[in-house]
Structures are given as structure tokens and as C-alpha cells.
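This report describes one part of a protein model, moving from a pair of strands to the sheet around them, then to a helix and a cavity. The structure is shown first, and the description follows.

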Amino acid sequence: MGRTTHLESYVNVRRFSATAFAAALLIPGLAACNSGTGTGAAGTSASPTVSGSADTASASPGATGASPGAVDGDARQALLDSTKEISNGNFRFTLSGVGSSAEGQVHEPSQSAQMKITIGQASSDLMMTLDVIHAKPDSWVKLDLGGTSASSIPGVQKLNLGKYQHLDQTRIQGNRNLGFDFDKVDPAGSEALTQAITEVRETGDRAYAGTLDLSKAAEASSVDPSVVTALGQQAQSVPFTAKLDEQGRLSELVVQVPAAGKSTAQDIKVTYSDYGNAAAAQKPPADQVVEAPVEFYNLFK
């Protein structure tokens, strides 16, 4: 894809979901357009990406002598069990993909969560950073729009305020873009992903590799329906690798999404840590808070 127009940059922002940020990692338009290249690969203007590491490559399906389609029952059960602790909602996480990254913590005991998201960088046509805080029943977002086309975003001067914008809950009720569901606390939907495993084997100490059917993982927030559609039959056999910690809890999941349509091939990586020890999200100081303007809600419709 070539460089974006001002209008395309605005449309790309509208595609971004503040709380379903994992899905943004799979959205082809923003990542590809921010690359500023037509080669189908992330260019220098994209933010740091997760490439296939030596560990990932060596553990990818086909790297061992296992027969294609083989399912190690013990390995599959270990991965299914590894996501149970996530549902307790007390952990830290990171998410990354081509041109996008996020990190944060979920603390269900205090009904709070915080996540910091970055898409692109200053040299991109469009860069977005968000600091999202949820402390039930309130939510705040600190937004920074940058990049060479940022000035073309309607109402940008009312969005780049340098302060946390308090969200009107009546305006975001049922809005997946801005709300946070404490009944579904996993930012990547790893439980749904492990349930969609079609082939898996153990490749090392608490390390696994195989394939999964993305078309059966629609509930996973890291799965963008448009990408699944573009993948077609490929969606039924997408490579992945996974690692567990010493307690058998999921510590890393890498989904190796092949190129499809306007989306380049990329690794979507999620990590989990500090199970049971995450901190409660802190509400922003009152002098750093303003009410979100209408332009903000329009941006995330």
C-alpha cells in the first residue's frame, strides 16, 4: 500500500478500538498504511514489530518430525488449562504486532485495568498513543495523535489536550471500542484461541507449537473478522507457539498470521506475567482530567 491520504488517515483512526486493541494489531489498513511502503512489509516508519525469533522459527509447525495434523492430547490439555488463571483477572500483559504494541495490567479485585497502546511512530503518516484507565464505574483516556497527517483529523486540537478525558458511561454503554467488560478480562482471548487448536505438540520444557483454526476463535479479541475472511482456507491452519510458566500458566502465545489481502504476514504476540500480583490501576489526578468532547466519541464510533 502506498502512503495514505489525509482522509485515509482519519478513516484508519476510526478503525482503532481503544479496549479491543488486540484486534487493532490484526487490522490491515493502519499497520500497512503506516509502513509507508508498497512492499507488503513493515517499513521504517512502523513501530517496533515482533518478528519470528529463532525460538519461534525452530518451534514452528513442520520444524520437527511430528506428522502434520497430529494432536498430542496431553499438550492440548496443558494449553487449555494454562488459560484458567487469566479468568481470575489479576495479571500484567503485553501485546505486539506489526506497527502496534500495548502493555498494561488487569486487576479484577479492584475492578480496574490500565493499558497503554501505541500505533505507528512520529515519522508515520499517523501515530496514536493512548493511556486507558478503567476504574469501575469510570473510564479515562489520554490520547495523543501524531504523525505527518495528524493535523488533518477533524477536531484534533480538542483531542490532543495532554490530559485524561473522562468518558460519559451513558455514551459508551455497549460500545466495544471504549468500554471494558470485567466479565471478559483477557485482552487477547487466549482461552478461545487454545480451544481452536487443531494440531499441537510439545517442543521443549513447557514449550509447544502447532496450528489453530482462527475461524473458530471469533470470540478472541485478538482476532479481526476481516482478516479471518481474507485468509480464507488459510485461517483453518494458522501456526502458533506457546510457553507456560513453572505453574503451568500461559506466559507467551505467538500466532503467526500469514499474509492475506492488504494484511502483511506478522507475528501477533501476547505475554502474561505477575499472575495474582498485578497492581490496581490508579485514577488520574483531578487536575489532569477533563470531560471528553464530542469529537472524541466521534473518533471511536
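In this predicted model, strand S8, covering residues 207–212, pairs with strand S9, covering residues 238–244, in the antiparallel sense and over six bridges. Within this pairing, Leu-212 stands opposite Val-238 of S9.

The two strands belong to an open sheet of 12 strands, whose pairing is mixed and whose order reads S7-S8-S9-S10-S11-S1-S2-S3-S4-S5-S6-S12. The edges are formed by strand S7 (197–204) and strand S12 (289–291), each of which pairs on one side only. From one strand to the next, the twist averages 20°.

The loop between S7 and S8 contains Asp-205. Is Asp-205 buried or exposed? Asp-205 has a relative accessible area of 63%, and because exposed means over 50%, Asp-205 counts as exposed. The C-alpha atom of Asp-205 is separated by 9.6 Å from that of Glu-246, although these two residues are 41 residues apart along the chain.

Helix H5, made up of residues 73–82, lies across S7, S8, S9 and S10, and runs at about 95° to S7. Which residues of H5 are buried? They are Ala-75, Ala-78, Leu-79, Leu-80 and Ser-82, and these buried residues pack against helix H7 (190–195) as well as against S7, S8, S9 and S10. In general, an α-helix has 3.6 residues a turn, so residues three or four places apart point the same way.

Strand S10 also takes part in the lining of a cavity. The structure holds two cavities of 30 Å³ or more, and the second largest cavity contains about 40 Å³ of space. Its lining consists of Leu-95, Ala-188, Leu-193, Ser-222, Leu-253, Val-255, Ile-268, Lys-269 and Val-270. By residue class, the lining of the second largest cavity divides as follows.

| Class of lining residue | Number of residues |
|---|---|
| Nonpolar | seven residues |
| Polar | one residue |

Notes:
Residues are numbered from 1 along each chain as its sequence is written. This is a predicted model: local features need pLDDT of at least 70, side-chain atom pairs count only at pLDDT 80 or more; totals for chains, interfaces and linings use all residues. Side-chain values use heavy atoms; hydrogens and water are left out. On a 1 Å grid over the protein atoms alone, a cavity is a set of points where a 1.4 Å probe fits but cannot get out, and a pocket is an open set with protein on both sides within 12 Å along at least five of seven lines; lining residues have an atom within 4 Å of a point. Grid points are joined across faces, edges and corners, and a volume is the space filled by probe spheres set on the points. Helices (H or I, at least four residues) and strands (E, at least two) are DSSP runs, numbered from the N terminus. Ala, Val, Leu, Ile, Met, Phe, Trp, Tyr, Cys and Pro count as nonpolar, Asp, Glu, Lys and Arg as charged, and the others, Gly among them, as polar. Two strands pair if DSSP finds at least two bridges between them. Axes are lines fitted to C-alpha atoms, for helices over the stretch in contact, and angles run from 0 to 180 degrees between N-to-C directions. Contact means heavy atoms within 4.5 Å. Buried means under 20% relative accessible area, exposed over 50%, partly exposed in between (1.4 Å probe, protein chains only).
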